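This briefing covers the confidence of a model and the surroundings of two of its residues.

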Amino acid sequence: MSVQVLVVDDQPLIRHSLRLIIDSAPDLVVAGEADTGEAAVARAGQLRPDVVLMDIRMPGGDGIDATRRITADPALTGTRILVLSMFELDEYVHAALRAGASGFLLKDAEPGQLIDAIRRTHSGESLFAPSILTRLVKHYLDQSAPRTARTQSVLTDRETEVLTLVGRGLSNQEIARALSISMGTVKTHIGSLLSKLHARDRAQLVIAAYERGLVSTPQRR
């Protein structure tokens, strides 16, 4: 079945453009639209989409609050939020992640990048624009002192290898190829990592990989 996407943006032209891009993919379909945060929460409850493509700055309730309410709804545990914004301000990124967003993409992304981001978000693979990920990791490392309890969990050698590759931004398929294991095995390891590290999604696994020193902080040019 096609991945059901709810498009949330206060500008009709942008919603129309996003619909055209999403509906052009054979495995994606726009299930509905919303133009405010309040409407996004209501439509998510009605449609139960797989992915919500969420704008941040909107009248009638912003995207951060809408994200928080959607991810807190027990009936929407299968719904993931991909934030799409014109702004890469740290405050927006951090607030979106704290609210439960699984990814943050800029509106200047190419159509193919957007489609890939929706697919990866749906499959549980969080995605962040490179410039955002660099600052996001640095922020969480700076705040890492109270998070040591999570990082002390004992991982197997294979789980450590998988976490390292997750931290480098590899997809499940790329991890399977790199380690010569099946996609099912990769998903099993990802599930184990989420449980052991008390992580909500892949975005938090990326942070855990940096906390453990498995990958180094990207250098900005």
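This is a predicted model: local features need pLDDT of at least 70, side-chain atom pairs count only at pLDDT 80 or more; totals for chains, interfaces and linings use all residues.

Residues are numbered from 1 along each chain as its sequence is written, and side-chain values use heavy atoms, with hydrogens and water left out.

**Confidence**
- The protein has a mean pLDDT of 84, and 84% of its residues reach 70 or more; pLDDT is the predictor's confidence in each residue, from 0 to 100.
- Over residues 145–151 pLDDT stays under 50, and the model has 12 contacts (heavy atoms within 4.5 Å) for them beyond four places in sequence.

**Asp55**
- UniProt, in an unreviewed entry, places "modified residue: 4-aspartylphosphate" at Asp55; such annotations may be inferred rather than shown by experiment.
- Asp55 lies in the loop between β3 (51–54) and α3 (63–71); helices (H or I, at least four residues) and strands (E, at least two) are DSSP runs, numbered from the N terminus.
- Asp55 counts as buried because its relative accessibility is 6%, where buried means under 20% relative accessible area (1.4 Å probe, protein chains only).
- Leaving out residues up to four places away in sequence, Asp55 touches Val8, Asp9, Asp10, Gly63, Leu84, Ser85 and Lys107.

**Asp9**
- The loop between β1 (3–8) and α1 (12–23) holds Asp9, which is buried, with a relative accessible area of 1%.
- A polar atom of the Asp9 side chain lies 2.9 Å from the backbone nitrogen of Gln11.
- Beyond four places in sequence, the residues that Asp9 touches include Asp55, Met58 and Lys107.

Terms used:
Buried means under 20% relative accessible area, exposed over 50%, partly exposed in between (1.4 Å probe, protein chains only). A polar contact is a pair of N or O atoms within 3.5 Å; within protein, one must be able to donate a hydrogen and the other to accept it, and residues adjacent in sequence count only if both atoms are side-chain atoms.
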